[in-house]
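Here are a few notes to read alongside the model. Have a look at it first, then go through the points.

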Amino acid sequence: MGDLDFQHQTVLLREAVELLRPGAGKVIIDGTLGGGGHTEALLAGGASVVGVDRDPVALAAATARVGGNPRFQPRQGNFADLSRVAADLLPVDGVLVDLGVSSPQLDVAERGFSFNKDGPLDMRMGPDGPTAAELIATTDEAELARILKEYGEEPFARPIARELKRALPTRTLEAAEVVKRAVPRKAWPTRIHVATRTFQALRMAVNAELESLDTLLAALPALLKVGGRAAVISFHSLEDRRVKDAFRALAGQCTCPPGLPVCVCKSVGDFQVLTKKAVAASEEEVEANPRSRSAHLRVVEKVR
Ligand SMILES: C[S@@+](CC[C@H](N)C(=O)[O-])C[C@H]1O[C@@H](n2cnc3c(N)ncnc32)[C@H](O)[C@@H]1O
């Protein structure tokens, strides 16, 4: 795949950019640069943008798209590590993460994310760490079942884990066949491929996706200036719950015992949640890009 073939349809573009309020003199970190869709709009809003991605292919593609702008800087790294990757710029005016994988990552067989295309069972977003095949080989059956159940909400986690350990697949289609064997035919889901949940769970484990998100959320107080905002777009209920809980904690939750008619603790945090309910994609966006159906955008501002 040439870099210029990198096509990812940006989700919640207008909503995220409006809430991040880019403007001249502001520095915003796009922690999931991908194809550079959000970054391009943030640059157009006048901000300087540091685009971080763990995937060198994404960095190259986004740089081809927006690299001509002197206010753009690409950096390879994990957004969990922004205090190091962007140490020279902190604190900043905004941080955005648009979680998960990009369409080109999913679509290129060699990346190993797809149960529809034959490729090595890799699934790494970046060049480091064990592949999905290595994860299966080195994780015991009980832990593998936990991963499938927790990250994939897979009802047949145990038989699939048993079959994966028996077969030790190294190719994507082989892994998909293993899942098909492990799940009784009449229990196959009708709306999604029977291997969807397993592949999602393996991907989340291979890339330590929830751990990276937790680390980022914990680092927000040190990353942002007063008046700075953080926006997170998530696609999985486990992620959205973490974001919601972390933002509430940053905003200082009421610690009054339940049942008191009015709050007396007057607990206050250094952040204010700007999205009482997560922002979802409009009907038009969902129609144009079905992937946006499960997107949730939440934003906080550091207020003191
Ligand atoms: C959904 S895409 C982002 C798309 C981008 N917002 C756009 O409009 O084109 C997610 C990107 O984040 C990257 N990514 C995911 N987790 C990451 C992490 N922990 N650190 C750095 N990059 C990550 C992936 O490699 C992928 O390129």
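How far apart do the C-alpha centres of domain 1 and domain 2 lie?

1. The C-alpha centres of domain 1 and domain 2 lie 30 Å apart. Domain 1 covers 3–102 + 209–302 and domain 2 covers 127–206, with bounds that come from an automatic or database domain assignment. Their contact (C-beta atoms, placed from the backbone, within 7 Å) takes 5 residues from domain 1 and 4 residues from domain 2.

2. A word on what you're looking at: this is a predicted model, where local features need pLDDT of at least 70, side-chain atom pairs count only at pLDDT 80 or more, and totals for chains, interfaces and linings use all residues. Residues are numbered from 1 along each chain as its sequence is written.

3. Now the ligand. Of the 23 residues around the ligand (C-beta atom, placed from the backbone, within 6 Å), Thr10, Thr32, Gly34, Gly35 and Gly37 come nearest. Both α2 (37–44) and β2 (48–53) supply at least two residues of that shell; helices here are DSSP runs of H or I with at least four residues, strands runs of E with at least two, numbered from the N terminus.

4. α2 also has a helix partner, α3 (residues 56–66): their axes, lines fitted to C-alpha atoms over the stretch in contact, come within 10 Å and cross at roughly 30°, on a scale from 0 to 180 degrees between N-to-C directions. That makes α2 roughly parallel to α3, because angles under 35 degrees count as such.

5. On the residues themselves, Thr39, Glu40 and Leu43 of α2 meet Ala62, Arg65 and Val66 of α3.

Key:
Two residues are in contact if their C-beta atoms, placed from the backbone, lie within 7 Å. Angles under 35 degrees count as roughly parallel, over 145 as roughly antiparallel, 65 to 115 as roughly perpendicular and the rest as oblique.
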